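Subject: Structure handover and notes

Hello,

Here is the structure I promised to pass on. My notes on it follow below, with the criteria given where each term comes up.

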Amino acid sequence: MRFVRIFFACLIFIWGLCFKSFSQEFNFESYNQDNGLSPLYIYDISQGPKGRIFLGTEGGVVVFDGYTFLKFNTSDSLSEDIVLSLQITKNGSIVLGHFQEGITIGENGKYHKVKSKTLTGIKISGFAEHNSGKIFIALAFKSNDLLRV
């Protein structure tokens, strides 16, 4: 009886080897300076309601529509060029968290700084939007706090 079990176990094993394993293959397309993406470091990424990709980078926020990269930085009213985190809100606004200069809010392609002594010199590590529409802000390094706006 033991011989029969071993025989069938070996038979099933060999039968399994006869079938080709299938795995999904992914094709990656690289975007870099050659394609128009100039900042060296990308810290965060999110997709907006119109399908555009927003990148938080060392040189500001970069918006990619699938064809071209549009860059926004301090000359476009960002609080700072280093964008560590970003959040697309339910109403389509974008909230940017900076390395040391607080928050910038973007609406309809226009950006404005949020002035707050609480956020000056603090690294913004992340955002989350609550069902109520309130934004939670995660602070990092210097003050590991959670704020609600």
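Two strands count as paired if DSSP finds at least two bridges between them. Helices (H or I, at least four residues) and strands (E, at least two) are DSSP runs, numbered from the N terminus. This is a predicted model, in which local features need pLDDT of at least 70 and side-chain atom pairs count only at pLDDT 80 or more, while totals for chains, interfaces and linings use all residues. Residues are numbered from 1 along each chain as its sequence is written, and side-chain values use heavy atoms, with hydrogens and water left out.

Overall picture

The chain holds one helix and 11 strands, in the order α-β-β-β-β-β-β-β-β-β-β-β from the N terminus. Of its 149 residues, 31% are buried, where buried means under 20% relative accessible area, exposed over 50% and partly exposed in between (1.4 Å probe, protein chains only). The accessible surface is about 10,700 Å², and carbon and sulfur atoms contribute 56% of that; the areas come from the Shrake-Rupley method with a 1.4 Å probe, and for residues only the protein chains shown count as cover. Among contacts (heavy atoms within 4.5 Å) with a separation of 6 or more, 32% are between residues 24 or more positions apart.

The sheet E1-E2-E3-E4

Four strands make an open antiparallel sheet in the order E1-E2-E3-E4. Its edges are E1 (42–47) and E4 (69–72), each of which pairs on one side only. On average, neighbouring strands here are turned by 20° against each other, direction ignored; the axes are lines fitted to C-alpha atoms, for helices over the stretch in contact, and angles run from 0 to 180 degrees between N-to-C directions.

E2 (residues 53–57) pairs with E3 (residues 60–64) through five bridges, antiparallel, and a hairpin of two residues links these strands. E3 and E4 also run antiparallel, joined by four bridges. Their hairpin has four residues between the strands, and Gly66 in it takes a positive phi near 105°.

How many of the five residues of E3 are buried? The count is five of the five, so E3 is largely enclosed by the rest of the structure.

The loop between E1 and E2

Pro49 lies in the loop between E1 and E2 and, at 66% relative accessibility, counts as exposed. Leaving aside neighbours within four places in sequence, Pro49 contacts Ile88 and Gly92.

Aromatic residues

There are five aromatic pairs. Rings of Phe, Tyr and Trp (its six-membered ring) pair if their centres lie within 6.5 Å; planes under 30 degrees apart count as stacked, over 60 as edge-to-face and the rest as tilted. Tyr41 and Tyr43 are stacked, because their ring centres are 6.4 Å apart and their planes at 25°. Tyr43 has 39% relative accessibility and so counts as partly exposed. Tyr31, Phe64 and Phe69 belong to one aromatic cluster.

Lys123 sits over the face of Phe99, at 4.4 Å from the ring centre. The criterion is NZ of Lys or CZ of Arg within 6 Å of the ring centre and within 35 degrees of the ring normal.

Regards
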